[in-house]
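I opened the notebook to look up strand pairing, cavities, salt bridges and ring pairs. The entries follow in that order.

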Amino acid sequence: MPTSSAPRLLFLCFTLLSHFHSSVATPHHLRLSVHDVATVEAAHRAKAKTTFFEVDRPLRPPRGSSGPCSTLLLSHSFALTLTKPPVTAAYSPPSCLRGSGDVSLAVLEWRADCHGVQYDRIFGVWLGGAELLRGSTAEPRPGGVTWSVHKDVTKYASLLAAGNSTLAVYLGNLIDDTYNGVYYANLTLHLYFRRKAQSAPAASVPADLIVPVSRSLPLDDGLWFVVQNGTDVESTRVAVPANAYRAVLEVYVSSHYSDEFWYMNTPDQNGPFREVTVQLDGDVVGAVWPFPVIYTGGINPLIWRPITSIGSFNLPTYDIELTPFLGKLLDSKEHEVGFAVTNAQNSWYVNANLHLWLDPKASTTAGGLISHDAPKLAGGINSHSLDGINGEYRATASRNISATGWVSSSLGNITTTFAQRLSFTNTNVVGKNGSEQAINQTIDARTEVGGGAYAHQLHHSFPLYIFLGGNGSGTSSQRLMRRVEIGFVESRSGAGGAGTSTLRNEQVAEAEVVLRDDQVAGASWRMHQVYNYGASNGGCYVRNVTSVGYDVLFDHDEASCGGTGRR
């Protein structure tokens, strides 16, 4: 469970040694101890570093681009950094940003390695207070582990070119007599440029200004807000320039501690439903129903070796269209932007970036809110249990949010609509006095933005199935089984169906741990993942990969719609 502000807590569905053969009233989740992992590693000796990886499509610049121009932003060793200030470095725009034309692609590369014993930790990267990347570290092996992240940060082009600023990186790591793994990390920016005659499509032009909606340095933590319970609202005040004509809030969110496995929670843990609500001056203007990211040590850490879970190295972000509310924001005053997490337990890390497009031909714009509707959340939990443990728990939720507003600028008088339709179902079947649990969950989120060149439709579906169980409880020989099926499904389309893309990213993984006389006697695990991305611009990518233990047995990819495979 990646954390940043206190030593890690271990939540175990069964605990090894004295814990495995006892049942618990509240089912929770297998996280192997240091001793257990060492026993497994003894049977999988590796002298060289092992590369862990998250499957994603490669980032390639548009045709005709020049570059890359690469700049090392930070190189640091994260040892005992828990509850200490973020590592900072002075940032100046790379010299190649001057006179090289517009940025066609900007890639932020995080490359790290670790030896020894350590848990997964959460980390974040901020520039001028705006978050650029959030991820979980890999858990090391005795021979070492290495991993990298390549994130498209082109939408932050104005921030990268804005002038001198402060780069901050927080990775809360613990070093003591047991946990001795130090994370060595390099952060590099790669820039590509389009020719002067080229121009980006209007719908993809990055914002002219990015305003951080986060905590400010100095801190002994990340710049994220920490939401500790369901009534907690964390906020800050922001001001919008008088000539803004579009506003989009990009939200970063991650769950930790008691809510790391929120989707497995029973009613006594506030149930399994969570949402992040975005508030503007106290009014709900949007909601994030997050993808259930499983960190590299979650459920059973062996499952995520060497292919890590979807989104774990590079957590997804979520956009809330605030353009309909610009009429309220264009008053030269500060306004409060806040975040709450429905049903939250301690704790959630949330912050955001406000992307603003400014009118180059006018010093002021004008706007007005035509309508705004944000009814209360609907749903609840139905429990069917005679003893408060074994039984079936079914949770449902739904929410609709909509807003319409106009903005008058040199582009004309444009009316923008924003609508969200969100639904959630979760069935949790608990048996054997809490030692067996099966979760079926689906999140469905539809967003529609109408008006101007940036009109689009976005559909997300996040299916999740988890099984925790075993046999032989109370005997000298036990078998503990874990199975995870998870998917990130997305479709996008621009105005009139232009600029369409689809993504289906699915994993099926399982692990088995064998105990004899309360000692780990063996373990096996396997993963199969299919990543299928298609876009109307021809940028298709398919990857089909299977691993058993630490060995990748099959890895086939196609880099274009009709491309050739590579192994």
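The entries below record what I looked up and the criteria I used.

**Entry 1: ground rules.** I am working from a predicted model, in which local features need pLDDT of at least 70, side-chain atom pairs count only at pLDDT 80 or more, and totals for chains, interfaces and linings use all residues. I number residues from 1 along each chain as its sequence is written, and side-chain values use heavy atoms, with hydrogens and water left out.

**Entry 2: strand E18.** I took strands as DSSP runs of E with at least two residues, numbered from the N terminus. For burial I used relative accessible area with a 1.4 Å probe on protein chains only: under 20% is buried, over 50% is exposed, and in between is partly exposed.

Which strands are joined to E18 by bridges? I counted two strands as paired if DSSP finds at least two bridges between them. I found E10 (residues 209–213) joined to E18 by five bridges, running antiparallel. Valine 213 has alanine 352 of E18 as its bridge partner. E11 (residues 225–227) is also antiparallel to E18, with three bridges; phenylalanine 225 is partnered there by valine 350. E13 (residues 244–255) is joined to E18 by 11 bridges, again antiparallel, and tyrosine 252 has asparagine 351 as its partner. As a reminder to myself, side chains in a regular strand alternate between the two faces of the sheet.

**Entry 3: cavities.** I searched on a 1 Å grid over the protein atoms alone, where a cavity is a set of points that a 1.4 Å probe fits but cannot get out of; lining residues have an atom within 4 Å of a point. Grid points are joined across faces, edges and corners, and a volume is the space filled by probe spheres set on the points. I got four cavities of 30 Å³ or more.

The largest cavity has a volume of about 90 Å³. Its lining has 13 residues, with Val253, Ser254, Pro290, Phe291 and Val293 nearest the centre. E13 gives the most to this lining, with three residues. For classes, I counted Ala, Val, Leu, Ile, Met, Phe, Trp, Tyr, Cys and Pro as nonpolar, Asp, Glu, Lys and Arg as charged, and the others, Gly among them, as polar. The lining of the largest cavity then has 11 nonpolar, two polar and no charged residues.

The second largest cavity has a volume of about 50 Å³. I listed Tyr245, Thr323, Val407, Ser409, Gly412, Ile414, Thr416 and Tyr454 as its lining. Strands E21 (391–409) and E22 (412–431) are the elements that give two or more residues to it, and E22 gives the most, with three. The lining of the second largest cavity has four nonpolar, four polar and no charged residues.

**Entry 4: salt bridges.** I required a side-chain nitrogen of Lys or Arg within 4 Å of a carboxyl oxygen of Asp or Glu. The count came to 21.

I looked at arginine 134 with glutamate 131, where the closest N and O atoms are 2.9 Å apart; both residues are buried. Glutamate 490 and arginine 492 form another, at 3.2 Å between the closest N and O atoms. Glutamate 490 is buried at 14% relative accessibility, while arginine 492 is partly exposed at 38%.

Arginine 543 and aspartate 555 meet in a salt bridge at 2.6 Å, N to O. Arginine 543 lies in E28 (residues 541–548) and aspartate 555 in E29 (residues 551–558), so the pair ties together parts 12 residues apart in sequence. Arginine 543 is buried at 15%, and aspartate 555 is partly exposed at 21%. I also noted a network of salt bridges linking Asp281, Asp283 and Lys328.

**Entry 5: ring pairs.** I paired rings of Phe, Tyr and Trp (its six-membered ring) with centres within 6.5 Å; planes under 30 degrees apart are stacked, over 60 edge-to-face, and the rest tilted. The whole structure gives 20 aromatic pairs. Phenylalanine 78 and tryptophan 110 have ring centres 6.4 Å apart and planes at 35°, so this pair is tilted. Phenylalanine 78 is buried at 1% relative accessibility, and tryptophan 110 is buried at 2%. Last, I noted a cluster in which ring pairs link Trp126, Tyr170, Trp224 and Tyr349.

Conventions:
Helices (H or I, at least four residues) and strands (E, at least two) are DSSP runs, numbered from the N terminus. On a 1 Å grid over the protein atoms alone, a cavity is a set of points where a 1.4 Å probe fits but cannot get out, and a pocket is an open set with protein on both sides within 12 Å along at least five of seven lines; lining residues have an atom within 4 Å of a point.
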